[in-house]
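Dear colleague,

I am passing on the structure we spoke of, and I would be glad if you read the notes below with the coordinates open beside them.

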Amino acid sequence: MHKVFKGISRREFLKYCASIAAMLGLSEMYVPQIAQALEDAVGKTPVVWINGQSCTGCTISTINSREPTAADIILDTISIRFMETIMASAGDLAIKILDDTIKEEKGKYILVVEGGVPTAEKGRFCNVGEKDGKPISFEDWVKKASKNAHAVVAIGTCSSFGGIPSANPETKVKPVSEVLEGTPVVNISGCPPHPDWFVGALVKLLLFGKDKLVKDLDDHGRPLEFYGSTIHDNCPRRHWFEAGQFLKDWNDPDQAHLCLLLKGCKGPQTFADCPERHWNDGNNWCIGANAPCHGCVQPEFYKGFAPLYEKMPDISIPGIAGFEVSADKIGAILGIATLAGIGVHFVGQVATGRLGKGGPEEGGEQ
Amino acid sequence: MAEKVVIDPVTRIEGHLKIEVEIEDGKVKDAWSTASMARGFEILLKGKDPRDAQVVCERICGVCPAAHGMAASQNLDEAFGAEVPANARIIRNLIVGANFIQSHILHFYHLQALDYLDVTAVAKYQGNDPALVTVKDKIVKLVQANDTFPLTPRYDPDEFSVNDPDIVALAVAHYLQALEMRKKAHAMLSIFGGRMPSYVSSVPGGVTVHPTIDMIAAFKSYLKEFVDIENDDRGFIKDVYYTDVLTLATGPLLPLGTLGVGKAHGNFMSFGMFDLEKSGDYKNRFLPSGIIKDGELSEVRDLNPDKLAEDVKYSWYTEDCGGRHPSDGRTEFELDKKSAYSFSKAPRYDGKPVEVGPLARMLVKKDKTLLDLAAKHNIEPTGALARTAARAIECLLVAKAMHEWLDELTQNLKAGVVDICDDKEVPSSGKGMGLVEAPRGSLGHFVEIEGKKTKNYQAVPATIWNASPRDAKGIRGPIEESLIDTPVPDPKNPNNIVRIVRSFDP
């Protein structure tokens, strides 16, 4: 990697290191360490990116990366051996590169998997390439390519948890972690994931090594830097929730700033840093557009969260035990619940009951 | 003696496609197009809340979620009996318009260009344009490090691989610039869409966003980088994208255009796009709807949605799924079907395969820029090169029109028009049809609601039209047909095959 960075000024280089630190949520103290790691790196790490039951949305989101840019990543940071959406080669020539990388870069390459893995009918619902005139299933590629990989990253909710395609029972779509029992998989969920989540994990892997990356994962295998707290906890509309003020009619401009719970918001159950990070060069995010969070980073998405535009039947707020209730507003009850720690079930029942009876102030369910 | 060549996977597309051709005497004699992946959206939406289709269907395609969102919205608008307010119609147009720009730029530079550029020629660049010298240094460094992935390996360059160092250096610089510009198109979209890919602000009956003058100004400032209508339409689309397309099409690639490589049946269809007055009215759109048959470019017929039907004789679905209008469509897999070779059904209009996409839209519109360009340079107006040119021409047209839509929105706000959503309950029953145009062609969504749930949902995306297998009569799909007679002098390096397939932006 040092060869690549030779061309740019020290000042630019340190700026680049600082932007990487910022993306990972690290203080400026880490800049010299990042600079050292980049300078010490020899050659570029090979990456193999394979697509299964995907829509390519994860690829497209990844190339929306702001800093480092897509060009920085593709040409300067990693060596992309196989990635269908951008690679020059096609057909047997492309499959040969995939095979060669698996053999020749054993233990060195990062495997990125986009899309769910259909396992019904011996993988027939997704084939990629062929050998001796017979199609090769995506399932076989995932198994084969993971064996020699240095690290396996599942990008997107489909490869992390099954996602939308797993709602079809006929294709038996599994997440990568289930197909590869025993192999550690880093999940970068999201439908699609924010580019920083993937690029941040990648940079962390390159800079600090696999052990460090795998150490800081949540229960669903996701980097805690990005998936550490709920949308709800950091939502700028949180005070409207606590005040029991909910958006019910999209057409009414006076409601446009209110809490989206009644429009199906899954923010209380969804762990991601969207409220602080925002999307598309920091321009906006789902709740910023008055739309509910659909919980697209969660294992429940899509089937477990359907119907998406209906209020959640109960709101489970993890890590809470014991309760004390005296407030009469539903929002306030839930607000205190989070702070003081109320039993999850109880909160759910109260929330449903209160809102079912008509809720405070806003006068009834939609 | 015919030789079989299989290209699997066809890369630089969205999705999974396999192309098989039979070559005789250096030319393609026959061709088969295979969609090799199926998720079954129609199956997984059954029994769900109909509103979910908006969110779920955007994930059919990560390159064009905006178009799927629009198709789902208009489909559900109709089924819900909602009257979409003017501001919602305009905001939806702006969202989809922004993604047309994103998708067309992505297609030309990042999906298609490597078919025509011999990137290694950059190393021979002798000029002193600082930007191009930087690009040259970048590529030279990769070569020196013996690591030119993912630009190599590739098929060996042929007579249509451009190797003029000045042209290639500029094109590679633009490839990198285009990465940033397509990202900006998404950033522009997110102002009204919330985020992208998979925007969130469209719902049955309208949108969730109340537009403000600030948002319009921010959108306009992005749009000006693509096209500035107050400054002779300067901007990335005209000065870079369209100029590059013209340089290639009228220069080194002209022989491909003159030969008419990549012609399909000469049937074209457009559902029309960007509603001008009433939302969902395919008869009154900025890009008009219409049908062209048998290459008669001067005669554009009215679209009649009753004439849509899908065949499945060569598709992995039960026979019961065949011969139906998509509003009454079925999705039942049959993987052991002897005749079948694709997960794509074979949609037909009035019993005929039709090509869809920017070329179809520009021909249906009788676009003067495209027809004049073709006539002046003797480029076959229905071939692969015309497809690429039509995409760039359309990109500029749509971007310019978006300025007008922003002005219309501003005037509405000034006049106190604030409605954005006819926010309706899920109906107990209803039927809908959403016919729109995605960047890559005609896209239809169809829904039937019963007991407040989705009873049947069918989506017929653009690439299903173009990449369709043969129909019940044995007639090839448009991509299959477009490959017939294509010169393939070296079957190990079938450059022309992938060029033609990618010209459809599958």
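In chain A, residues 24 or more positions apart account for 68% of the contacts with a separation of 6 or more, where two residues are in contact if their C-beta atoms, placed from the backbone, lie within 7 Å. This is a predicted model, in which local features need pLDDT of at least 70 and side-chain atom pairs count only at pLDDT 80 or more, whereas totals for chains, interfaces and linings use all residues. Residues are numbered from 1 along each chain as its sequence is written, while chains are lettered from A and ligands numbered from 1 in the order in which they are written.

As to confidence, the predictor gives the complex an ipTM of 0.97 and a pTM of 0.93. Chain B averages a pLDDT (the predictor's confidence in each residue, from 0 to 100) of 97, and 100% of its residues score at least 70.

Chain A has 16 helices and 9 strands; helices (H or I, at least four residues) and strands (E, at least two) are DSSP runs, numbered from the N terminus. Of the 366 residues of chain A, 54% count as buried, a residue being buried if 20 or more other C-beta atoms lie within 10 Å of its own, exposed if 12 or fewer, and partly exposed in between, with C-beta atoms placed from the backbone.

Strand E3 of chain A (residues 110–114) is largely enclosed by the rest of the structure, because 5 of its 5 residues are buried. Both of its faces are covered, with A:Ile110, A:Val112 and A:Glu114 buried on one side and A:Leu111 and A:Val113 on the other. E3(A) pairs in the parallel sense with strand E1 of chain A (residues 45–51) over 5 bridges, two strands being paired if DSSP finds at least two bridges between them, and in this pairing A:Trp49 stands opposite A:Val112. E3(A) is also joined by 5 bridges to strand E7 of chain A (residues 151–155), again running parallel, and there A:Val152 is the bridge partner of A:Leu111.

A:Asp76 is found in helix H5 of chain A and counts as buried because it has 20 C-beta neighbours inside 10 Å. From A:Met312 it is 236 residues away in sequence and 45 Å away in space, C-alpha to C-alpha.

Turning to the interface, 73 residues of chain A are in contact with 71 residues of chain B. Several elements of chain A each supply at least two residues of the side that touches chain B, among them helix H1 (2–6), helix H6 (91–104) and strand E5 (127–131), and H4(A) gives the most, with 5 residues. The residues of this side of chain A divide into 39 nonpolar, 23 polar and 11 charged (Ala, Val, Leu, Ile, Met, Phe, Trp, Tyr, Cys and Pro count as nonpolar, Asp, Glu, Lys and Arg as charged, and the others, Gly among them, as polar).

In chain B, three strands form an open sheet in the order E1-E2-E3, with antiparallel pairing. Strand E1 (3–7) and strand E3 (27–35) of chain B stand at the edges, each with a single partner strand, so one side of each is left without a neighbour in the sheet. Strand E2 of chain B (residues 17–24) pairs with E3(B) over 8 bridges in the antiparallel sense, and B:Leu17 has B:Ala35 as its bridge partner in E3(B).

Helix H15 of chain B (residues 495–503) has 9 of its 9 residues buried, so it is largely enclosed by the rest of the structure. What covers its buried residues includes E1, E2, helix H4 (86–112), H12 and helix H14 (478–483) of chain B. H15(B) is followed by B:Asp505, whose phi is positive, near 55°.

A second open sheet of 3 strands in chain B has the order E12-E13-E14, with antiparallel pairing, and its edge strands, E12 (429–438) and E14 (453–460), each pair on one side only. Strand E13 of chain B (residues 441–450) is joined to E14(B) by 7 bridges, with B:Ala459 in E14(B) as the bridge partner of B:His445.

With kind regards
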